[in-house]
Amino acid sequence: MPSSKHVHVDRDLHWGIYTEAGELIPEAAYERFPGRELVGQSRSLDLTGIEITDGPVEEMVYAGPIVNHYGHFILASLSRLWAIDGARPALFHSYPPIFDHGARFVIEIVAAAGLTRENTFSFDRPTRIRRLFVPEPSLVEQLYTTQAYSISSAKIGASIMETGLFVEKDYYISKSRMRSGVACLANEEVIEAAFQAVGFDIIYPETLPLADQVSLFRNARTIVGTVSSAFHTAALVPGGTGRHIMFDYTEAPNANFRLLEIGMRADVSYYSISSHVNLKESDSFLSHYVANDIKFLAEEMVRIAKPSITPRGLKKSAWIIRVLDKIKSKNLQRSDGQ
C-alpha cells in the first residue's frame with residue numbers, strides 16, 4: 001500500500017507492506033521506542049475491493065519509508081540501506097518518488113548511497129510485489145543501533161566530496177532563521193552575537209547543501225548548538241576529531257542522540273538549560289522556549305564552549321541510567337549488524 005499524497009507517514013494509517021490477506025508484515029514495519037510502536041500504518045487493513053497492480057519487476061528489496069524530516073530521515077530512512085547493494089531494485093515508500101522529491105537532502109543522500117532513478121521504485125497505487133526481500137532495520141529510533149548502521153552511514157558520507165567550505169575552527173549552529181520546526185529558542189540572535197564575539201562562526205544548516213554540512217562535521221574543531229537534527233549529520237562522518245557540545249532544553253536528551261553517539265566515536269557533551277528557559281505556545285514550533293535571561297544564558301553557553309573559561313551556572317545533562325544501560329546492552333548484543 002503506497003504512501004498517501006501530502007500526508008506525513010506518522011499520520012497515514014494505510015501505507016505499508018501487507019500480505020494479500022491485509023496483515024502488516026512485521027519485519028517491514030516502521031517502529032519507534034522500546035515498545036516498538038508503529039509510525040503510521042495499521043496492523044491489518046481490509047483490502048476487499050481494492051484494485052491491485054502488479055509490480056514492474058519480479059524481485060525487489062525493501063528500503064523503507066522516506067521521512068521528510070531531516071533527523072528522522074537520517075535515523076529511519078537510512079536504517080535499511082546497509083542491505084542495498086544494487087543486485088535488486090530498491091522499493092521505498094515515498095510520495096513523490098525520491099528523485100522528484102522537494103526535500104533536497106533526500107535526493108542528495110540517496111544519490112550518495114549509489115541509488116538512481118533507474119534502480120529505485122515507489123508506487124502511487126496498491127501494488128503486488130512477487131518477491132520482496134526485507135532487511136532488518138539497523139537502527140530503531142529510541143531503541144537500538146548496530147554496527148551495520150554506522151558502517152553504512154559512513155560509506156554514504158565518504159562518497160560525498162569535500163567542498164572545503166569549513167576548516168578547523170569553532171562554529172555555532174543556529175536555528176534563528178527557521179520559521180517552523182520542532183523546537184526553537186526565542187532571541188537566539190543574542191546567543192549568536194556572544195559566540196561571534198569569542199571567534200565562533202555562525203552556521204544555518206538549513207541553508208547549506210548536504211556536502212557543505214558534511215564538510216562542517218569533517219573539519220570543525222568545535223560545533224556548538226541547542227539539541228537539533230542538524231547534529232544528526234555526524235552519522236555520516238563517524239570518528240571525527242572535533243568536539244560537539246549540545247545544550248538541551250530538558251534534563252535528559254533524546255535517546256536518539258545517544259544512539260548516534262555510540263557509532264560516531266566523537267567527543268560529545270550535553271548541558272541542560274532547562275532551569276533557564278520556559279516553554280511558551282507557538283503556532284510554528286512544537287516547542288518554543290523563552291530564556292529567563294537571554295544574556296546570562298548566552299554568557300554561560302560561551303563559558304562552556306571555551307575550555308579556558310570555567311562555566312558557572314549550567315550543569316551537564318544527566319542521562320536516565322536505566323535507559324542508557326539498556327541502550328548500551330542492546331548495542332553490544334547487536335554489534336554484528338544482525
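**Close-up views of a predicted model**

**View 1. The lining of the largest cavity has eight nonpolar, one polar and four charged residues.** In this count, Ala, Val, Leu, Ile, Met, Phe, Trp, Tyr, Cys and Pro are nonpolar, Asp, Glu, Lys and Arg are charged, and the others, Gly among them, are polar. This is a predicted model, in which local features need pLDDT of at least 70 and side-chain atom pairs count only at pLDDT 80 or more, while totals for chains, interfaces and linings use all residues. Residues are numbered from 1 along each chain as its sequence is written, and side-chain values use heavy atoms, with hydrogens and water left out. The volume of the largest cavity is about 130 Å³. Of its 13 lining residues, Ala-29, Tyr-30, Glu-31, Ser-79 and Pro-137 are the closest to the centre. In total, the structure holds four cavities of 30 Å³ or more. A cavity is a set of points, on a 1 Å grid over the protein atoms alone, where a 1.4 Å probe fits but cannot get out; lining residues have an atom within 4 Å of a point. Grid points are joined across faces, edges and corners, and the volume is the space filled by probe spheres set on the points.

**View 2. Helix H1 (residues 70-77) is mostly covered.** Seven of its eight residues are buried, meaning under 20% relative accessible area, where exposed is over 50% and partly exposed lies in between (1.4 Å probe, protein chains only). The buried residues are Tyr-70, Gly-71, Phe-73, Ile-74, Leu-75, Ala-76 and Ser-77. The cover over them includes strand S4, helix H2 (104-112), strand S9 (139-140), helix H3 (147-158), helix H5 (210-219) and helix H6 (255-264). Helices (H or I, at least four residues) and strands (E, at least two) are DSSP runs, numbered from the N terminus.

**View 3. Strands S6, S5, S4 and S8 form an open sheet in that order, with parallel pairing.** Two strands pair if DSSP finds at least two bridges between them. S6 (120-121) and S8 (131-133) are the edge strands, and each pairs on one side only. Strand S4 (residues 59-65) is joined to S8 by three bridges in the parallel sense. Glu-59 stands opposite Arg-131 in S8.

**View 4. Strand S15 (residues 243-248) pairs with S14 and with S16.** Five of the six residues of S15 are buried. With strand S14 (residues 222-226), the pairing is parallel over five bridges, and Thr-222 has Arg-243 as its bridge partner in S15. With strand S16 (residues 267-272), the pairing is parallel over six bridges; here Asp-248 has Ser-272 as its partner in S16.

**View 5. An open sheet of three strands has the order S12-S18-S17 and mixed pairing.** Neighbouring strands are turned by 20 degrees against each other on average, direction ignored. S12 pairs with strand S18 (residues 285-291) in the parallel sense over four bridges. Ala-183 stands opposite Ser-287 in S18. Axes are lines fitted to C-alpha atoms, for helices over the stretch in contact, and angles run from 0 to 180 degrees between N-to-C directions.

**View 6. His-14 lies in the segment before strand S1 (31-32).** His-14 counts as partly exposed because its relative accessibility is 47%. Leaving aside neighbours within four places in sequence, His-14 is in contact with Met-1 and Leu-45, contact being heavy atoms within 4.5 Å. The C-alpha atoms of His-14 and Arg-117 are separated by 25 Å, the two residues being 103 residues apart along the chain.

Note on methods. 1 Å grid on protein atoms, 1.4 Å probe; cavity = no way out; pocket = protein on both sides within 12 Å on 5 of 7 lines; lining within 4 Å.
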